[in-house]
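Here is a short report for a first look at this protein. It begins with one residue and then turns to the whole chain.

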Amino acid sequence: MNGKNWIVTGSILAGIAVAMGALAAHGLESWLAQHFPDDAQKRIENWKTAANYQMYHAIGIVLVGIVGGWNNSNRWLTVAVWAMFAGIGLFSGMLYAWVLTDIGWLVMFVPLGGISFILGWFGLAGAVVASVPAIEKSSP
């Protein structure tokens with residue numbers, strides 16, 4: 001995909017993150033208290049963490065689109081954007097699903113999402129380094 005598409009994708013994911021945060025603030029807590037009375041507070045905190053990390057990385061995806069311009073084939077940017085995208089699914093998506101379902105094995109994928117986020121930011125750094133011309137040493 002080109003930079004324009006990543007900016008659109010990141011913007012949509014950011015909007016969804018806002019909606020997920022609003023859901024946590026307006027109604028989810030009482031639903032969780034009814035269905036999971038023993039750990040409803042922990043679940044709402046996990047939901048908010050998922051929404052926050054989704055927002056950070058949606059902004060990261062927008063940033064990749066901006067850095068890449070409208071048509072950049074830099075492989076580091078490809079790594080960065082797909083890693084962030086995968087991280088949102090694995091980290092935030094699995095936390096959302098676990099909070100709502102209590103299916104324990106879902107949380108096993110959350111650390112993979114965290115690793116994906118890290119790889120995404122390293123990929124973005126690599127893209128910037130690869131695209132900036134080397135600074136020549138100047139002798140005094």
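Contact means heavy atoms within 4.5 Å. R43 sits in helix α2, which covers residues 40–68. R43 counts as buried, because its relative accessibility is 1%. Buried means under 20% relative accessible area, exposed means over 50%, and partly exposed lies in between (1.4 Å probe, protein chains only).

## About the model

This is a predicted model: local features need pLDDT of at least 70, side-chain atom pairs count only at pLDDT 80 or more, and totals for chains, interfaces and linings use all residues. Residues are numbered from 1 along each chain as its sequence is written, and side-chain values use heavy atoms, with hydrogens and water left out.

## Fold and shape

The protein has four helices and zero strands. Helices are DSSP runs of H or I with at least four residues, strands are runs of E with at least two, and both are numbered from the N terminus. Along the sequence the pattern is α-α-α-α. The radius of gyration is 18 Å, well over the 14 Å that the globule rule gives for 140 residues, so the protein is more spread out than a compact globule. That radius is taken over C-alpha atoms, and the rule is 2.2 Å times the number of residues to the power 0.38. Along the principal axes, the C-alpha atoms fill a box of roughly 70 × 30 × 25 Å.

## Burial and contacts

Of the 140 residues, 37% count as buried. Among contacts with a separation of 6 or more, 77% come from residues 24 or more positions apart.
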